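Please open the model in your viewer and keep the selection tool at hand. The tour below goes from stop to stop, saying what to select and what is there.

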Amino acid sequence: MDPHTSPHRCSPQPPGGLAGGGLAGDGLAALPAVRIADGVRTGEWRAVDVVAAALARIERVEPTLHAFIEVWAEEALRQAREVDVRVAAGARLPLAGVPIGVKGRSGRRAAAARALVAAGCVPVGATSVPGPGTPWQTWGLGAAGRTVNPWRADRTPGGSSAGSAAAVAAGLVPLATGTDGAGSVRIPAAWCGIVGLKSTNGLLPSADRTGLASAGVLTRHASDAAAYWRCVTEAAGAARESAPAVNPPSAAPAPPVAVWSDDLGFADVEPGLVAIARTAALRLAGAGLVRQAPSPPGPSGALVLEDPGPAWLTLRAGAGAGAGAGSGAGAGSGADARVDPADLRAAQEIRAENDRRLATLFAGADLILTPTTPNPPHGHDGPGDRYSTALTWAFNLSGHPALSIPAGFDADGCPVGLQLVARPGEEALLLRVAKAVEATEAARTAKTTEATEAVRE
């Protein structure tokens with residue numbers, strides 16, 4: 001089914017171009033955050049007009065999408081005017097005037113959100129998170145109802161960063177914050193067809209007491225995720241000099257070595273999703289963006305991990321705190337601090353064994369590539385017995401940074417994600433590859449459009 005004509009779709013894909021480059025209509029929906037900021041800094045438009053355009057689109061779409069718990073219209077316009085004053089005074093604001101969503105009502109207090117505001121971003125509202133009443137977390141509850149997937153209104157956007165993903169995918173804001181405790185950024189990114197970055201555990205400040213959750217971001221453009229990363233790492237003093245640059249140097253580095261895995265050695269992944277994600281991975285190799293490592297025979301490829309599920313659940317319960325699971329069935333339930341010490345020891349053994357296997361793999365490779373999720377977005381009645389986290393929470397347990405990028409669409413018109421995983425602290429490598437993928441896809445689309453127009457002429 002063509003997602004552009006699906007009867008379940010609640011709003012059109014953000015347009016690919018701007019009529020005259022202005023902000024009228026849905027023009028803002030096509031603009032990357034870095035382009036917005038450049039326009040505000042150079043005086044092409046005012047931050048207050050950018051934010052007003054975002055608020056107008058939210059007002060039109062939100063009654064169907066339900067991506068926000070709260071919209072802060074008056075405060076956002078006031079802050080946008082302050083940004084205009086600061087820009088006029090010569091302040092250096094790398095993300096001047098960029099409207100953003102923040103995850104949950106307390107999202108503005110998060111360190112990443114504070115760093116974005118300092119860089120010139122304007123929070124326009126609190127995005128939806130899962131509400132009470134179910135143990136699963138791959139959904140969101142907005143102010144007026146359940147958050148819907150912008151591609152298929154009868155499906156969930158994923159979670160727990162549900163509203164952030166939906167708002168970005170629908171073009172309400174170009175960037176929104178998230179947190180990822182078991183896939184809470186990557187799952188909704190995959191199901192909404194956008195970019196979702198989970199940072200290295202412990203690299204950025206986090207209020208999560210389990211140690212399983214880390215800060216993340218959802219964007220439509222990889223360049224915006226890279227801009228986010230520069231802002232938050234500079235604010236936290238967390239940038240690693242040894243990590244590859246987000247913007248490649250003049251002498252392009254050799255393509256990173258990538259290992260493909262259908263299922264990490266344990267997950268039950270739908271064959272159709274494997275095929276779509278693997279085709280996307282092969283396109284990366286074919287374009288010279290990665291070098292595919294040879295894999296031994298077998299569906300799992302070169303990586304076989306222990307199933308992290310039991311360990312994740314035990315460690316989360318043992319910490320006695322919620323972690324924003326973003327899970328399928330069960331894993332979003334309340335924590336229980338009364339955990340058997342034997343279970344804790346078993347969990348640590350699984351973690352240590354997987355850490356050993358990952359260290360061995362990363363001694364000879366730079367990236368792991370997998371499908372982001374084992375299943376497509378489920379309906380609003382829940383995931384049933386499935387764990388949508390099967391391919392993501394291994395890297396919350398290990399702490400590795402991971403990124404989901406769009407891989408294509410399934411037969412129902414639902415987006416599919418490709419997950420990239422790197423060594424701890426190498427977010428810049430993930431973002432460099434994602435930016436190269438985006439540029440390659442844009443060039444391919446432009447070439448196809450040019451050829452089509454030539455035939456018409």
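Which residues does Val 421 touch, not counting residues up to four places away in sequence? Select Val 421 and you will find that it touches Phe 362, Asp 366, Leu 367, Ile 368, Phe 395, His 400, Pro 401, Ala 402 and Leu 430, where a contact means heavy atoms within 4.5 Å.

Before going on, please note that this is a predicted model, in which local features need pLDDT of at least 70 and side-chain atom pairs count only at pLDDT 80 or more, while totals for chains, interfaces and linings use all residues. Residues are numbered from 1 along each chain as its sequence is written, and side-chain values use heavy atoms, with hydrogens and water left out.

**The whole chain**

Show the whole chain, which has 12 helices and 13 strands; these are DSSP runs numbered from the N terminus, with helices (H or I) of at least four residues and strands (E) of at least two. Of the 457 residues in the chain, 57% are buried, a term that stands for under 20% relative accessible area, with exposed meaning over 50% and partly exposed the range in between (1.4 Å probe, protein chains only). Among the contacts in the chain with a separation of 6 or more, 74% are between residues 24 or more positions apart.

**Back to Val 421**

Val 421 is found in strand S13, residues 415-421, and at 0% relative accessibility it counts as buried.

**Val 290**

Next select Val 290, in the loop between helix H8 (271-286) and strand S10 (291-292). Val 290 is buried, with a relative accessible area of 4%, and, leaving aside residues up to four places away in sequence, it touches Pro 255, Pro 256, Ala 258, Leu 284, Ala 285, Leu 367 and Val 433. Ala 254 is 36 residues from Val 290 in sequence, and the C-alpha to C-alpha distance between them is 8.5 Å.

**Helices H9 and H10**

Two packed helices are described by the angle between their axes and the distance between the axes. Select helix H9 (residues 309-319) and helix H10 (residues 341-362), which pack at an angle of about 130° with their axes 9 Å apart. That makes H9 oblique to H10. Here the axes are lines fitted to C-alpha atoms, for helices over the stretch in contact, and angles run from 0 to 180 degrees between N-to-C directions; angles under 35 degrees count as roughly parallel, over 145 as roughly antiparallel, 65 to 115 as roughly perpendicular and the rest as oblique.

To see the contact itself, select Ala 311, Thr 314, Leu 315 and Gly 318 in H9, which meet Asp 343, Leu 344, Ala 347, Gln 348, Ile 350 and Arg 351 in H10. By class, the contact of H9 with H10 has 5 nonpolar, 3 polar and 2 charged residues, counting Ala, Val, Leu, Ile, Met, Phe, Trp, Tyr, Cys and Pro as nonpolar, Asp, Glu, Lys and Arg as charged, and the others, Gly among them, as polar. The buried residues of H9, including Trp 312 and Arg 316, pack against H10 and helix H11 (394-398).

**Helices H4 and H7**

Now select helix H4 (residues 111-118) and helix H7 (residues 222-236), which pack at an angle of about 105° with their axes 9 Å apart. That makes H4 roughly perpendicular to H7. Ala 112, Ala 115 and Leu 116 of H4 make the contact with Tyr 228, Cys 231, Val 232 and Ala 235 of H7, and the residues of this contact divide into 7 nonpolar, no polar and no charged.

**Cysteines**

Keep Cys 231 selected: at 11% relative accessibility it counts as buried, and its sulfur is 6.6 Å from the closest cysteine sulfur, in Cys 121, too far for a bond. A search of the whole structure finds 0 disulfides, a disulfide being a pair of cysteine sulfur atoms within 2.5 Å.

**Backbone stops**

Select His 66, in the loop between helix H2 (47-65) and strand S1 (68-71), which has a positive phi of about 60° although it is not a glycine. Finish at Ser 160, in the loop between strand S5 (145-146) and helix H5 (162-169), where the peptide bond from Gly 159 to Ser 160 is cis, with omega near 10°.
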